[in-house]
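This note sets out a few points for a student who is reading the structure for the first time. Please keep the sequence and the 3D view open while going through them.

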Amino acid sequence: MQIGFIGLGNMGAPMAANLVKAGHQVRGFDTAGVVVEGVTQVQTGAEAAANAEAVITMLPNGAILQAVADQIIPHMQNGAVFIDCSTVDVDSARAVADQATSVGLLSVDAPVSGGIGGASAGTLTFMAGGSGLAFAKADPLFDIMGQKAVHCGEAGAGQAAKICNNMILGVTMIATCEAFALADKLGLDRQKMFDVVSTSSGYSWTMNAYCPAPGVGPSSPADNGYQPGFAAELMLKDLRLSQQAADSADADTPMGHAATALYEQFVETEDGLGQDFSAMLPRFEKRGRS
Ligand code: NAD
């Protein structure tokens with residue numbers, strides 16, 4: 001397949017490389033002039049999109065996505081599929097889908113989970129929103145770049161699933177970290193805390209698979225000085241998107257709101273920037289009640 005790929009950053013570059021390895025012809029564009037082995041580098045998004053059967057974007061945010069969509073949609077061939085894999089706000093995802101489908105293109109919002117490791121290994125999970133036809137056209141590419149793709153519903157449903165999942169993740173990480181910090185102060189050994197909680201009703205992915213306490217549970221960023229993993233600022237981005245969506249849909253999300261405020265403080269006024277999002281544990285450890 002002839003594929004255009006726009007946004008060859010930490011995630012986009014390895015995803016594009018996997019498409020090349022699978023035998024597809026990929027033309028890539030990134031404003032930073034990134035070169036990816038096997039990907040034909042072109043000078044504009046429009047050039048990457050022209051004559052492509054599928055165009056994939058992997059960009060920082062919704063405003064950039066909308067600007068790129070404005071540039072490339074007029075150059076896409078009829079019936080081609082526009083696949084946006086960035087994590088963006090639901091409203092931007094729906095606006096781009098409307099713009100694409102109104103001129104006869106297929107469109108899928110397909111944010112991912114699995115991070116940079118999953119992008120390199122081709123083991124991402126895709127959460128997709130769009131028509132059945134659009135999903136069917138994109139699915140073979142999801143198969144190459146990932147291990148699972150869930151068709152969540154119409155346009156925007158992929159982004160909705162992603163931010164709801166990550167709102168749970170942020171809230172749960174905070175709950176896990178504050179419980180460890182409380183357990184410390186109560187004199188409870190961290191390994192014993194893990195042994196109990198990981199097999200009791202407090203278990204969660206953040207406790208069982210990504211334990212924020214160093215030396216406890218399976219290997220995680222906590223065992224590596226809290227180097228990300230999943231950076232606190234990316235968690236903050238996703239939490240903010242959840243709150244933007246909650247505002248727009250008039251949904252009451254008090255825990256998501258509190259988690260957003262806490263990650264904002266951690267990243268913007270404390271030392272969270274550049275640390276893994278599980279570094280909330282040493283943050284709580286240092287603090288008292290007030
Ligand atoms: P990144 O900043 O490394 O990559 C974004 C790339 O887009 C950059 O190379 C930048 O130069 C390029 N770019 C910006 N504006 C452009 C434009 N107008 N035209 C072409 N290229 C442009 O970010 P990333 O880590 O690759 O993340 C990409 C997206 O994936 C984000 O939406 C992020 O939230 C999401 N995501 C990231 C991770 C992760 O672990 N990094 C995990 C899941 C989802």
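This is a predicted model: local features need pLDDT of at least 70, side-chain atom pairs count only at pLDDT 80 or more; totals for chains, interfaces and linings use all residues.

1. At Thr 87, a backbone N or O atom lies 3.0 Å from an oxygen atom of the ligand. At Thr 31, a backbone N or O atom lies 3.4 Å from a nitrogen atom of the ligand. The protein buries 82% of the 840 Å² that the ligand exposes when taken alone.

2. The surroundings of the ligand comprise 23 residues. The closest of these are Asn 10, Met 11, Asp 30, Leu 59 and Lys 237.

3. A separate point concerns two helices, H10 (residues 232–249) and H11 (residues 254–268). Their axes come within 9 Å and cross at roughly 145°, and the crossing of H10 past H11 is left-handed.

4. The contact between these helices involves named residues on both sides. Among them, Leu 236, Leu 239 and Arg 240 belong to H10, while Ala 259, Tyr 263 and Phe 266 belong to H11. The residues of this contact comprise eight nonpolar, four polar and four charged ones.

Key:
Residues are numbered from 1 along each chain as its sequence is written. Side-chain values use heavy atoms; hydrogens and water are left out. Axes are lines fitted to C-alpha atoms, for helices over the stretch in contact, and angles run from 0 to 180 degrees between N-to-C directions. Helices (H or I, at least four residues) and strands (E, at least two) are DSSP runs, numbered from the N terminus. A crossing is left-handed if the near helix is turned anticlockwise from the far one by less than a right angle, and right-handed if clockwise. Contact means heavy atoms within 4.5 Å. Ala, Val, Leu, Ile, Met, Phe, Trp, Tyr, Cys and Pro count as nonpolar, Asp, Glu, Lys and Arg as charged, and the others, Gly among them, as polar. A residue is near a molecule or strand if one of its heavy atoms lies within 4 Å of it. A polar contact is a pair of N or O atoms within 3.5 Å; within protein, one must be able to donate a hydrogen and the other to accept it, and residues adjacent in sequence count only if both atoms are side-chain atoms. Accessible areas come from the Shrake-Rupley method with a 1.4 Å probe; for residues, only the protein chains shown count as cover.
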